[in-house]
Amino acid sequence: MAIEEVARYMVLKALAGRQHIVDAIYECIVGGGSVSSVAARHGLSKHQLRGYVNRVMEHSGSYARAAAFVKALYPHVKKIRPVVRCKGDSCTCSLCRDRVVLAAAENHIKYRHWDVVEEYVEAVLALVLRSVKRERGG
């Protein structure tokens, strides 16, 4: 399902300590902010942010679906605490205690801790479903 792919994408970013990217995606897609201004506010280049937004759009299939998915997922993904923690230039994965280069944090999590990613995705999707049911009165 498309929402699962968007959830995986956003969860992986959050677990890697890249919440500013999740925030920027939300501001662009849901908030309607310009790529240039949002990117500058979050310390990204407009090209990087455009790539992140395009990835979400590819997973979603349309702008309207991307906006709905990101809007529903964001409050839950925002609460995820990173598993990669950095002090200065030194980063450590709290799951396996391996040293991780910040630029490779997402790949480390993806290839070493995919089961954790999937657990978070399932939890986030369950929370989204519960929110939707509550809004519909069921």
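Cys-86 has a relative accessibility of 36% and therefore counts as partly exposed (buried means under 20% relative accessible area, exposed over 50%, and partly exposed in between, with a 1.4 Å probe and protein chains only). The model is a predicted one, in which local features need pLDDT of at least 70 and side-chain atom pairs count only at pLDDT 80 or more, while totals for chains, interfaces and linings use all residues. Residues are numbered from 1 along each chain as its sequence is written, and side-chain values use heavy atoms, with hydrogens and water left out.

Cys-86 is joined to Cys-91 by a disulfide, with the two sulfur atoms 2.1 Å apart; a disulfide is taken here as a pair of cysteine sulfur atoms within 2.5 Å. The structure holds 1 such link. The link of Cys-86 and Cys-91 is right-handed, with 100 degrees about the S-S bond. Cys-91 is buried, because its relative accessibility is 4%. Cys-93 takes part in no disulfide, and its nearest cysteine sulfur, that of Cys-96, is 3.8 Å away. At 0% relative accessibility, Cys-93 counts as buried. Cys-96 is likewise in no disulfide, the nearest cysteine sulfur being that of Cys-93 at 3.8 Å. With a relative accessible area of 23%, Cys-96 is partly exposed.

The strands come next. Strand 1 (residues 84–87) pairs with strand 2 (residues 90–93) in the antiparallel sense, over 4 bridges. Strands are DSSP runs of E with at least two residues, helices are runs of H or I with at least four, and both are numbered from the N terminus; two strands pair if DSSP finds at least two bridges between them. Arg-85 has Thr-92 in strand 2 as its bridge partner. The hairpin of strand 1 and strand 2 has 2 residues between the strands, and Gly-88 takes a positive phi near 65 degrees in this hairpin.

The axes of helix 1 (residues 2–15) and helix 4 (residues 46–60) come within 7 Å and cross at roughly 155 degrees. Helix 1 is therefore roughly antiparallel to helix 4 (angles over 145 degrees count as roughly antiparallel, under 35 as roughly parallel, 65 to 115 as roughly perpendicular, and the rest as oblique). Axes are lines fitted to C-alpha atoms, for helices over the stretch in contact, and angles run from 0 to 180 degrees between N-to-C directions. On the helix 1 side, Ala-2, Glu-5, Val-6, Tyr-9 and Lys-13 meet Tyr-52, Arg-55, Val-56, His-59 and Ser-60 of helix 4, contact meaning heavy atoms within 4.5 Å.
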